[in-house]
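Reader: I am new to this structure and would like to learn how to read it with some care. Could you take me through it one feature at a time?

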Amino acid sequence: MDEETGALPRKDDFSRWYNEILWRAEIMDVRYPVKGLYVWYPYGFGIRQRAYTILREIMDRDHAETMFPLLIPKTEFMKEAEHIKGFEDEVYWVTHGGRTELDVPLALRPTSETAIYPMYSLWIRSHTDLPLKLYQIVNTFRYETKHTRPLIRLREITSFKEAHTVHATREEAAEQVETALRLYCEFYERLRVPVIVSRRPAWDKFPGADYTIALDTIMPDGKTLQIGTVHMLGDHFSRTYEITYEDVNGEQQYAYQTCYGISERSIAAVISVHGDDKGLVLPPEVAPIGIVIVPIIVGKRGDEVISAARALEAELRGAGYTAKVDDRDMRPGAKYYHWEMRGVPLRIEVGPRDIDANTVVAVTRTGRRTTLDRRGVVEGIHSILAQFGEEISDAVRQAMADRITVAANLEETAEAVKTGVAVVHWCGSQECAEKIEAVVDASIIGSEIRSDLIPVSNGPCIACGGNGTSTLVARTY
RNA sequence: GGGGCAGUAGGGUAGCCUGGUCCAUCCUAGAGCGUUUGGGACGCUUUGACGGCAGUUCAAAUCUGCCCUGCCCCA
């Protein structure tokens, strides 16, 4: 009778579901009065913090974190022609200091190549300075003209992790591209977000790059979301910014570079792939609250139940969990819904019955209920959460597999992209790409696919019949 | 980039065409009191709004213009 009470829109109405869950689960407040800029609620920011702690941990193995300025002088920004072409329509310019017009306008970084590389030019003298591998996590600004969307298409990206590496040779730079892909795949495994790696077609590569390899996930509505990119810059920027080094023979050489980035789209992916009709489902590693303890207060035993809950909370915190007793004056059921909306992986109920039996009841976010002996409760929880993590990994992997269809011709492709991703043979020509994109109303995502969900092969191009290779076609965000 | 629709309290809505009688209403909104608590409790009291700026007018949520913001469709 009350099933409608407080319900989210169903997840199969993904667009409405996404908009609502952002505020209902306290991730972002979209009411900030500037288009394309949104406010992180503390809870959403907690998810971001945990995800980015993982990202930092992965990056820090082989990179150093740094911080470059937000403002870039126009004179530096305008040096690399292809790069400019790719970004100039999206740049915010600072033109005044107070009431004084600036001699040189300053760009709010849309990405930081042109801020970083002039400094790299000063820093790099010798082959012994290489390789150089730095990254920063910063906000960037892009004057998006398309429909903005929280976490996905922003005018201020608040969480842009960008890495910039410099190498002595093209081969080393190419190897770094592969290393970066491995790091990013590991990051998304930790977030339990399945990804497909592919090489972007030439017209869709990063402006100023030789080639771009990207990570995409598939959203519940079947559109792909690009959640990581790795760019081989070759020597384009080093020639522009004079990044040279003296090699072992005493000769000046241009360096080779890569850059790669991940943004808060990673958070959008976690929310979107794992969530369900009841709200968020968070992997334990990114949940700001890993375990919520709900005291079941009946009759006169309230104090006893509360102190049992607190003792459990202390024990779980001691074991390294972020546990929280919810002692608000609400019915237990209301609390269950509250924490389910926020995706807390595990709920523990403690009531008089449990105290008497020396047990606790543990319920995962996906509804698996276990009665645990109060002694050894930490070990029991450890194994439940590990299993929960595997369970949601398997579920999203299966959901992604179900959205991938191998299509042999244009008709099948058009049908497949209505609900997911099509894998087709494509010859690589732009003419055929344009034909395919026009007929099926979707985009060529990439070829040289790397995904254990997708077998790749050669075959006749679905547009021209010539030699083709496996290629992803999908609607995109 | 083009087109359409919309913005009323924390959230959801009515009112707008036909300016005034408007003290609007509902809620998983807030505050307070009491009774409650093993899957969304209940009663009573109470708080709070017409996106912004300008204009028309005796009078604007309502009409006009510009701006801001959001949603949908098309390219």
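Author: Let us begin with a single side chain in this predicted model: Arg 200 has a relative accessible area of 8%, and because buried means under 20%, Arg 200 counts as buried.

Reader: With which residue does the side chain of Arg 200 meet in a salt bridge?

Author: The general idea is that side chains of opposite charge can pair when their charged atoms come close. Here the partner of Arg 200 is Asp 204, with 3.8 Å from N to O, and Asp 204 is partly exposed, at 41% relative accessibility.

Reader: How many salt bridges does the structure hold, and which of them links distant parts of the chain?

Author: The structure holds 34 salt bridges. One of them joins Arg 192 to Glu 390, whose closest N and O atoms are 3.7 Å apart. This pair links distant parts of the chain, since Arg 192 sits in the loop between helix H6 (170-190) and strand S9 (196-199), while Glu 390 belongs to helix H12, 198 residues apart. Arg 192 is partly exposed, with a relative accessible area of 22%, and Glu 390 is also partly exposed, with a value of 45%.

Reader: Which residues are joined into one network by salt bridges that share partners?

Author: Take a pair by way of introduction: Arg 301 and Glu 304 meet through their side chains in a salt bridge of 2.9 Å, N to O. Beyond that pair, Arg 310, Glu 313, Arg 317 and Asp 327 are joined into one network by salt bridges that share partners.

Reader: Turning to the strands, in what order do they form the open sheet?

Author: In general, strands of a sheet pair through backbone hydrogen bonds, either parallel or antiparallel. In this case 5 strands form an open sheet in the order S16-S15-S17-S18-S19, with mixed pairing. Strands S16 (323-325) and S19 (369-373) stand at the edges, and because each has a single partner strand, one side of each is left without a neighbour in the sheet. From one strand to the next, the twist averages 25 degrees.

Reader: How many bridges join S18 to S19, and which helices lie across strands of the sheet?

Author: Strand S18 (residues 359-364) runs antiparallel to S19 and is joined to it by 5 bridges; in one of these strands, S19, Thr 370 is the bridge partner of Ala 362. Helix H10 (residues 332-341) lies across S15, S16 and S17, running at about 170 degrees to S15, whereas helix H12 (residues 377-402) lies across S15, S17, S18 and S19, running at about 155 degrees to S19.

Methods:
Residues are numbered from 1 along each chain as its sequence is written. Chains are lettered from A and ligands numbered from 1 in the order in which they are written. This is a predicted model: local features need pLDDT of at least 70, side-chain atom pairs count only at pLDDT 80 or more; totals for chains, interfaces and linings use all residues. Side-chain values use heavy atoms; hydrogens and water are left out. Two strands pair if DSSP finds at least two bridges between them. Helices (H or I, at least four residues) and strands (E, at least two) are DSSP runs, numbered from the N terminus. Axes are lines fitted to C-alpha atoms, for helices over the stretch in contact, and angles run from 0 to 180 degrees between N-to-C directions. Contact means heavy atoms within 4.5 Å. A salt bridge is a side-chain nitrogen of Lys or Arg within 4 Å of a carboxyl oxygen of Asp or Glu. Buried means under 20% relative accessible area, exposed over 50%, partly exposed in between (1.4 Å probe, protein chains only).
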